[in-house]
Amino acid sequence: PADEATIQDAVDRVAPGGLVLVSPGTYHESVIVSTEDVTVRGTDRNAVVIDGEGLRPHGVVGIADGVRVQNLTVQNHTFYGVLVTGLHDAAGPRANTDSGYENFDPAEFPPLQRFQVDHVTAANNGLYGIYAFNAQHGVISDNYASGSADSGFYVGQCRPCDILVTGNVGERNAVGFENANASEPLLVVGNRFSSNRVGMTFLSDYQEVFIPEAGDVVVGN
């Protein structure tokens, strides 16, 4: 905040490949990253808090290739803490915000390429803690998610995904980790999903594209 009043102001100014370094504080905003290869990183995971106050839909949304979200907390949003997705239009992200499911055209909405979400705490968000949808070639690592009414961690609708989910902890969610129509390859390795209603789900959903799901590797959780 010494340079810009809000995180979004800084994200709007940063050049491709740049870093937005966020000082400790509670930020009452939603952030959309639409510039390629931008990193949003907190200086202190527990002290940098993006708080939706139960009013705003999302904490941080990456809609540009190469987005990274690191070392901060997102809490109290009505939809999701962190979302990376190629499914968006001029009005913003469209992933699971409509009333019901929609078979989107992959040619119209190319998947986001290259992402990383690590050392993020996602707490008490309305649907998902950390959510990758229509995205490829990514890593979700060393995060914590709790209090999600759907799932703490979700990977959906990609083929091939080339996504690694590792070192995460999900607890007190409806589902610890959820995976729908995300395939070949998807690796879920070395996580802990405990004290959830359901630990992990892997499914093919006929209401979405890229069925059937296949070729996932689930090891050492």
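Let's start at R172. With a relative accessible area of 56%, this arginine is exposed. The cut-offs: buried is under 20% relative accessible area, exposed is over 50%, and partly exposed is in between, with a 1.4 Å probe and protein chains only. The partner of R172 is E171, and their side chains meet in a salt bridge at 3.2 Å, N to O. By salt bridge I mean a side-chain nitrogen of Lys or Arg within 4 Å of a carboxyl oxygen of Asp or Glu. E171 has 14% relative accessibility, so E171 counts as buried.

Ground rules, quickly. This is a predicted model, where local features need pLDDT of at least 70, side-chain atom pairs count only at pLDDT 80 or more, and totals for chains, interfaces and linings use all residues. Residues are numbered from 1 along each chain as its sequence is written, and side-chain values use heavy atoms, with hydrogens and water left out.

Back to the charges. How many salt bridges does the structure hold? There are 5. One of them joins D37 and R114, with the closest N and O atoms 2.6 Å apart. D37 sits in the loop between β3 (31-33) and β4 (39-42), and R114 sits in strand β11, so this pair ties together parts 77 residues apart in sequence. On strands: they are DSSP runs of E, at least two residues, numbered from the N terminus. D37 is partly exposed at 24%. R114 is partly exposed too, at 37%.

Next, E184 and R159. Their side chains form a salt bridge at 3.3 Å, N to O. This pair links distant parts of the chain, 25 residues apart: E184 is in the loop between β18 and β19, R159 in the loop between β15 and β16 (163-166). E184 has 39% relative accessibility and counts as partly exposed. R159, at 30%, is partly exposed as well.

Stay at E184 for the backbone. A cis peptide bond joins E184 and P185, with omega about -5 degrees. P185 belongs to the loop between β18 and β19. There is also a cis bond from I211 to P212, with omega near -5 degrees. P212 is placed in the loop between β21 (198-203) and β22 (216-219).

Now a glutamate without a partner. E178 lies in strand β18, residues 175-182. It is buried yet has no salt bridge. Where is the nearest side chain of opposite charge? That is R197, 11 Å away. For charge, Lys and Arg count as positive, Asp and Glu as negative, and His and the chain ends are not counted. What does E178 touch, leaving aside neighbours within four places in sequence? Its contacts are D150, S151, F153, Y154, V155, T201 and L203. Contact here means heavy atoms within 4.5 Å.

The largest nonpolar core has 41 residues, and F115 and V155 have the most contacts inside it. Strand β11, residues 112-123, gives the most to this core, with 5 residues. A separate core of 11 residues lies apart from it, with I63, Y80, F109 and F133 among its members. A nonpolar core is a set of buried Ala, Val, Leu, Ile, Met, Phe, Trp, Tyr and Cys residues joined through side-chain atoms within 4.5 Å. Now F115 itself. Beyond four places in sequence, F115 is in contact with residues including V67, V84, A132, H137, I140 and I163.

H119 is not a glycine, yet has a positive phi of about 55 degrees. H119 is in strand β11, and counts as partly exposed at 33% relative accessibility. Q157 is not a glycine either, and its phi is positive at about 55 degrees. Q157 is in strand β15, residues 151-158. Is Q157 buried or exposed? Buried, at 1% relative accessibility.

Last, the surface. L187, V217 and V219 form a nonpolar patch with about 210 Å² of accessible area together. Patch residues have over 30% relative accessible area and no salt bridge; like charges are joined within 9 Å, nonpolar side chains (Val, Leu, Ile, Met, Phe, Trp, Tyr) within 5 Å. Areas come from the Shrake-Rupley method with a 1.4 Å probe, and for residues only the protein chains shown count as cover. L187 is in strand β19, residues 186-189, and is partly exposed at 33%.

How values were computed: Helices (H or I, at least four residues) and strands (E, at least two) are DSSP runs, numbered from the N terminus.
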